[in-house]
Amino acid sequence: MHEHFHAALESLDIQLLRKMWAHVSPQLPQPKSDEEALQLAHYARTVLASIVFRRRAYSHAWLMERSLPSGLPDGMRPSAQRLYPVTVGSVGIAVRGATELGRAVAPHIRGAMEDAVQEAYTDGHKDEPQVVKGHMMEARRTAIKKLLG
Amino acid sequence: MSIGNDTENAILNLVFSATTWANYAVNATSSPETNIHTALMTADPTDTGTMSSSESAYTNYARVNVARSTGFSTSSAGSVSPAAAINFASSGAAGTTITHFAFGKTGGGTAAILWSGTVTPNIAIGASGITPQLTTATTVTLD
């Protein structure tokens with residue numbers, strides 16, 4: 001079983017990992033979703049010395065890009081980051097009103113745009129800035145209409 | 001009282017793309033700013049702040065230039081965006097979380113802010129080797 005579990009971790013076979021974990025340790029907490037299981041699998045790969053370094057480095061980069069904790073030892077991180085540099089792409093939102101009314105509603109408009117970014121990222125559009133911007137601008141239009149009619 | 005849409009676009013294009021605002025304003029003819037500096041912050045610099053207010057200080061951090069000639073989209077519906085993603089230096093060690101950004105005057109130190117805003121999602125500099133990036137979805141608006 002240990003070998004199969006290790007192989008599933010190496011290949012990131014999430015369905016198999018969830019089945020084996022439920023079978024071996026039913027008394028322990030189980031991942032609530034495939035996404036949570038994937039995060040746990042990546043973390044486990046960074047911790048286990050028996051996993052091939054390249055895969056540990058990949059999991060480290062995967063976790064860093066999502067601002068999740070990595071278990072990769074500090075001494076291994078420079079090598080891992082040379083293999084898989086981590087770029088964290090975010091969206092800057094600067095909303096300025098030139099009039100008193102514009103300044104008053106700006107934080108609300110910006111908040112709506114921030115929510116739209118978060119939703120777009122959650123929906124898997126992180127690497128599609130045009131899609132993200134489309135959602136943001138729609139949220140801006142909606143917020144302006146709601147606030148100012 | 002509000003500002004007309006054409007006027008909003010003209011002001012943004014003049015500031016971010018050095019584009020003449022027909023019949024009203026031209027880009028500075030003597031020593032014009034050729035770049036806009038981009039800074040990352042760990043808190044809101046506020047309207048009274050400068051480019052160095054709450055500025056990030058993670059190891060290797062430096063402000064990034066974006067050219068006014070080609071660096072920004074043409075303003076539409078009162079908003080502009082960078083034409084390409086803005087990449088900052090890769091972190092050399094763990095640092096504090098980035099929550100805000102600013103576009104401002106070049107020159108370093110306490111240069112004036114043009115526009116500032118939030119960074120969504122925030123960028124945690126949790127280790128060395130993190131390259132913060134503002135994507136082309138980054139948006140500056142004037143209403």
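Chain B and chain A bury about 2,900 Å² between them, with 51% of that area on carbon and sulfur atoms, where buried area is the accessible area (1.4 Å probe) that two parts lose on being put together, summed over both. This is a predicted model, in which local features need pLDDT of at least 70 and side-chain atom pairs count only at pLDDT 80 or more, while totals for chains, interfaces and linings use all residues. Residues are numbered from 1 along each chain as its sequence is written, chains are lettered from A in the order in which they are written, and side-chain values use heavy atoms, with hydrogens and water left out.

**Interface between chain B and chain A**

- Chain B brings 39 residues to the contact and chain A brings 33 residues, contact being defined as heavy atoms within 4.5 Å.
- The interface holds two salt bridges, each defined as a side-chain nitrogen of Lys or Arg within 4 Å of a carboxyl oxygen of Asp or Glu.
- One of these joins the side chains of B:Asp47 and A:Arg96, at 3.0 Å from N to O.
- Strands S3 (79-80), S6 (113-123), S7 (130-134) and S8 (139-142) of chain B each supply at least two residues of the side that touches chain A, strands being DSSP runs of E with at least two residues and helices runs of H or I with at least four, numbered from the N terminus.
- The largest share of that side of chain B, nine residues, comes from S6(B).

**Strand pairing across the chains**

- Strand S1 (residues 86-96) of chain A and S6(B) run antiparallel and are joined by three bridges, where two strands pair if DSSP finds at least two bridges between them.
- Within S6(B), B:Thr120 is the residue that stands opposite A:Val91.

**Aromatic pairs**

- Over all chains the count comes to ten aromatic pairs, a pair being rings of Phe, Tyr and Trp (its six-membered ring) with centres within 6.5 Å, counted as stacked for planes under 30 degrees apart, edge-to-face over 60 and tilted for the rest.
- B:Phe16 and B:Phe72 form an edge-to-face pair, with 5.0 Å centre to centre and 65 degrees between the planes.
- This pair links distant parts of the chain, 56 residues apart, with B:Phe16 in helix H1 (residues 5-17) of chain B and B:Phe72 in the loop between strand S2 (64-67) and S3 of chain B.

**Surroundings of B:Thr96**

- B:Thr96 lies in the loop between strand S4 (86-87) and strand S5 (98-104) of chain B.
- Leaving aside residues up to four places away in sequence, B:Thr96 touches B:Thr42, B:Ile123 and B:Ile125.
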